[in-house]
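Student: I'd like a close look at just one part of this model. Could you pick a single helix residue and walk me through its surroundings?

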Amino acid sequence: MILVYSLGGSILAGRDAKSLQEYADALKELAKAHQIYVVVGGGRIAREYIEKARDLGASEMFCDLIGIGATKLNSALLIAALGRAAPQEIPETYAQAARLASPGRIVVMGGVAPGQTTDAVAALLAEYVGADRLIIATSVDGVYTADPEKDPKAEKIASMTHGELSRMAAQTDMKAGSRSPVDPLAAKIIERSRIPTTIVFGKKIENLKKGALGGHSGTEIRQE
């Protein structure tokens, strides 16, 4: 199978070398049987720099560029952990990412253009390479009826349609550094392509495999 991962920057940020290596090893194990692409987010470092830039009067466009830089920094860290299992370059385009793919090799990339989160980049990449599944590994364990960090009554949704995801995401405030599980653009891309998608808690390494092959406790995005 062709698997595309959207790996939140907060999943990697702040981890020690041993923990990063464990993530890399899990991806390398999956790459023995599947073609793997990973799009890495900006995480905490992106949010911190974006917040400072906003306070200094920077435009949202400029804040997006800061976020893209952070995603590439995190991508480089994952590539270092993957070693020879990954091309030692970060693709700037979807075509370049596809060209770098080969059996057993894991292609890692970050943000591409302002106005797009790395979830959207991952969804577009999944479209481009004809992925069998998109796995969004984030800091929450699925899609909730409300923000679980703010609302104790929020309930996790085990399964929802592409259309339901799109309608829910449409209510999200689309700014640089957003912490929404799935942003509106990514949701629309997933909806139009009917990409089988899983949203899982990325801080548990085993969810990289479960999100792709089954057995996870996150949210499954299914067709109407």
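This is a predicted model: local features need pLDDT of at least 70, side-chain atom pairs count only at pLDDT 80 or more; totals for chains, interfaces and linings use all residues.

Tutor: Our residue is Ile-79, and it sits in helix H4, which covers residues 60-82. Is Ile-79 buried or exposed? Its relative accessible area comes out at 6%, and since the cut-off for buried is under 20%, Ile-79 counts as buried.

So what does Ile-79 touch? Skip the neighbours within four places in sequence, and the contacts of Ile-79 are Pro-87, Gln-88, Glu-89, Ile-90 and Val-108. Now zoom out to the helix: H4 lies across strand E1 (2-7), strand E2 (35-40) and E3. Against E3, helix H4 runs at about 155°.

E3 (106-109) is an edge strand, pairing on one side only, and strand E7 (159-161) is the other edge. Between them runs an open sheet of 7 strands with mixed pairing, ordered E3-E2-E1-E4-E8-E9-E7. On average, neighbouring strands here are turned by 20° against each other, ignoring direction.

Further along that order, take the E4 and E8 pair. Strand E4 (residues 133-138) and strand E8 (residues 197-201) run parallel and are joined by 5 bridges.

Definitions and conventions. Residues are numbered from 1 along each chain as its sequence is written. Side-chain values use heavy atoms; hydrogens and water are left out. Two strands pair if DSSP finds at least two bridges between them. Helices (H or I, at least four residues) and strands (E, at least two) are DSSP runs, numbered from the N terminus. Axes are lines fitted to C-alpha atoms, for helices over the stretch in contact, and angles run from 0 to 180 degrees between N-to-C directions. Contact means heavy atoms within 4.5 Å. Buried means under 20% relative accessible area, exposed over 50%, partly exposed in between (1.4 Å probe, protein chains only).
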